[in-house]
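Please have the view open as you go.

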Amino acid sequence: MEPNLHPVILRFDSLDSTNTEASRQAIRGASEGLCIVAREQTAGRGRQQRVWTSLKDAGLYCSLVLRPRLETRSWPLITLMSALAVGDAMLETFELKSDIKWPNDIHVDGRKVCGILSETVETAVGRAVIVGIGVNLKSHAETQELFVDAISVEEATGLLPDSESLLSSLISAMARRYMTLHQLDGREEILKEWTARSSYAEGMRVRVTLEDEILEGVTRGLASDGALRVQIDEGDIRLVHAGDVTALRSVS
Ligand code: BTN
């Protein structure tokens, strides 16, 4: 059965983390589609236990509760699907074209404009997925020097972005992409679209930092579970399921 996301938005002035609040709500039985939004986060989290700096009104900080009816091997694709949805919303709201750095950083001009943190949480009615999305909307003098690799929508477009329009477009795009993922050929569709949208998918020379090793090689598409295929210099293909990927230079 395809899901029908009926979003309910809960807004907060300040939260520790919208992901943490969404998890709390999911444990209390929140339905699929609950969206937590905060104007600031005091303990915003990124991938790999990093801090996600979340100054008041400088970004869109939101988290969506999902209760997927998917086979387990499709769950990693929720992250890829979310990156596609953010790209859709950026284009629709700001006419801003973006790239996806594996697995789900959204880049503009090679700099990060959005990060996505997907987490699972066990609840009485089954495992839920929390998709947390942080978009840099405005530039702040106090953070600019710290984050040279980051860009804001304001910097990229020269306009003062409206977070409400972005949120509403993002929720619609998430609902659309999530529905696609639940269709019969949904996995293939999401993998195909992600590959078409990301300059990292094919032929990008990358360095991959894993927990206990660093690899260098050339990207060779995605595996069926969303892992990045990297042809290392010895010629073997390695499947990267987690880790940090950095572009070195493009090759054909
Ligand atoms: C990353 O790129 O490392 C992921 C960053 C995810 C940040 C968002 S902001 C909204 C939600 N709440 C959090 O604490 N993190 C995510």
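1. Two strands are taken to pair if DSSP finds at least two bridges between them, and helices (H or I, at least four residues) and strands (E, at least two) are DSSP runs, numbered from the N terminus. Strand S8 (residues 202-209) and strand S9 (residues 214-222) run antiparallel and are joined by 6 bridges. Val-206 has Gly-217 as its bridge partner in S9, and a hairpin of 4 residues leads from S8 to S9.

2. On the basis of the note: this is a predicted model, in which local features need pLDDT of at least 70 and side-chain atom pairs count only at pLDDT 80 or more, while totals for chains, interfaces and linings use all residues. Residues are numbered from 1 along each chain as its sequence is written, and side-chain values use heavy atoms, with hydrogens and water left out.

3. The ligand has 19 residues around it, of which Ser-17, Gln-41, Arg-45, Arg-47 and Lys-112 come nearest; a residue is near a molecule if one of its heavy atoms lies within 4 Å of it. Helix H1 (18-27), strand S3 (59-66), strand S6 (111-123) and strand S7 (126-136) each supply at least two residues of this shell, and the largest share, 4 residues, comes from S6. By class the shell divides into 5 nonpolar, 10 polar and 4 charged residues, where Ala, Val, Leu, Ile, Met, Phe, Trp, Tyr, Cys and Pro count as nonpolar, Asp, Glu, Lys and Arg as charged, and the others, Gly among them, as polar.

4. For Thr-18 it is a polar side-chain atom that lies 3.0 Å from a nitrogen atom of the ligand. The protein buries 98% of the 420 Å² that the ligand exposes when taken alone, with accessible areas from the Shrake-Rupley method and a 1.4 Å probe.

5. Arg-47 also belongs to the lining of the second largest pocket, where Arg-47, Pro-103, His-241, Ala-242 and Gly-243 lie nearest the centre among 29 lining residues. The volume of this pocket is about 740 Å³. On a 1 Å grid over the protein atoms alone, a cavity is a set of points where a 1.4 Å probe fits but cannot get out, and a pocket is an open set with protein on both sides within 12 Å along at least five of seven lines, lining residues having an atom within 4 Å of a point. S6 gives the most to the pocket lining, with 5 residues.

6. Pro-103 is placed in the loop between strand S4 (99-101) and strand S5 (105-108).

7. The count comes to 1 cavity of 30 Å³ or more, and the largest cavity has a volume of about 40 Å³. Its lining divides into 9 nonpolar, no polar and no charged residues, including Cys-35, Cys-62 and Met-174. Helix H5 (163-182) is among the elements that give two or more residues to this lining, and H5 gives the most, with 4 residues.

How values were computed. Polar contact = N/O pair within 3.5 Å; in protein donor to acceptor, adjacent residues only side chain to side chain. Points joined across faces, edges and corners; volume = space filled by probe spheres on them.
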